[in-house]
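My entries follow in the order I worked.

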Amino acid sequence: MNLLLTALEKHAALLTKPVHLCPAILQTHVLEKLLNHLLCSVVNDGELDFLEDQWIELKLLDCDLSYFLSYNPQTQRCIVQEKGEPDASISCKLTDAIALITQQVDPDTLFFQRRLLLEGNTALSHGFKNILDTVELDKLGFPLGHIIRLLSTTFPLPQT
């Protein structure tokens with residue numbers, strides 16, 4: 001296994017320490033803005049309507065981070081909360097999340113390797129997983145997109 005990947009996996013919680021130091025309201029606000037920016041074309045096409053009155057928990061297992069998201073069709077906005085009662089959840093490690101965002105790996109591959117977990121209403125989580133798979137990294141803009149690309153090349157996934 002790649003030594004750098006091992007280091008990232010071992011220290012994922014430490015790397016996300018700055019996020020834990022930020023107030024939850026700031027974390028959810030930033031994530032909400034980011035999701036609404038990334039998913040604006042999906043929202044305009046009505047593809048998130050299936051999330052109305054539904055909550056999905058997004059979890060980074062090795063970082064002790066989780067967020068709950070839904071969709072409000074009246075305002076055409078994603079809603080992100082720190083706590084909630086999920087109808088479904090999508091969970092993975094930080095390295096797998098980076099690989100998914102940078103499209104280094106197909107989400108179905110991670111799912112069948114049991115590295116991407118879909119729980120609860122699996123149709124709901126599967127539908128949202130498919131939406132996330134269509135996100136273009138270029139829409140993240142310079143700082144965030146560049147950092148994620150750098151992480152994906154510095155910590156490539158091992159060949160399995």
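Entry 1, overall. I began with the surface: the accessible area of the protein is about 9,200 Å², and carbon and sulfur atoms hold 58% of it. I note here that the model is predicted. I then looked up burial and found that 37% of the 160 residues are buried. For contacts between residues at least 6 apart in sequence, I read that 67% link residues at least 24 apart.

Entry 2, elements. I counted nine helices and five strands in the secondary structure. Read from the N terminus, the order is α-α-α-α-α-β-β-β-β-α-α-β-α-α.

I traced an open sheet of five strands, ordered β3-β2-β1-β4-β5, and its pairing is mixed. At the edges I found β3 (77-81) and β5, each of which pairs on one side only. From one strand to the next, the twist averages 25 degrees.

I wanted to know which strands pair with β4, and in which sense. On one side, strand β1 (residues 56-60) runs parallel to β4 and is joined to it by five bridges. Within that pairing, I located S89 of β4 as the bridge partner of E57, and I90 of β4 opposite L58. Strand β5 (residues 116-120) pairs with β4 in the antiparallel sense, also over five bridges. There I found C92 opposite L116 of β5.

Entry 5, cover of β4. Are the residues of β4 buried or exposed? I found five of the five residues in β4 (residues 88-92) buried. Both faces are covered: A88, I90 and C92 are buried on one side, S89 and S91 on the other.

I looked for nonpolar side chains on the surface and noted a patch formed by I25, L26 and V30, with about 290 Å² of accessible area together. I placed L26 in helix α4 (residues 24-38).

Definitions and conventions
Residues are numbered from 1 along each chain as its sequence is written. This is a predicted model: local features need pLDDT of at least 70, side-chain atom pairs count only at pLDDT 80 or more; totals for chains, interfaces and linings use all residues. Side-chain values use heavy atoms; hydrogens and water are left out. Patches are made of residues with over 30% relative accessible area and no salt bridge: like charges are joined within 9 Å, nonpolar side chains (Val, Leu, Ile, Met, Phe, Trp, Tyr) within 5 Å. Accessible areas come from the Shrake-Rupley method with a 1.4 Å probe; for residues, only the protein chains shown count as cover. A salt bridge is a side-chain nitrogen of Lys or Arg within 4 Å of a carboxyl oxygen of Asp or Glu. Helices (H or I, at least four residues) and strands (E, at least two) are DSSP runs, numbered from the N terminus. Buried means under 20% relative accessible area, exposed over 50%, partly exposed in between (1.4 Å probe, protein chains only). Two strands pair if DSSP finds at least two bridges between them. Contact means heavy atoms within 4.5 Å. Axes are lines fitted to C-alpha atoms, for helices over the stretch in contact, and angles run from 0 to 180 degrees between N-to-C directions.
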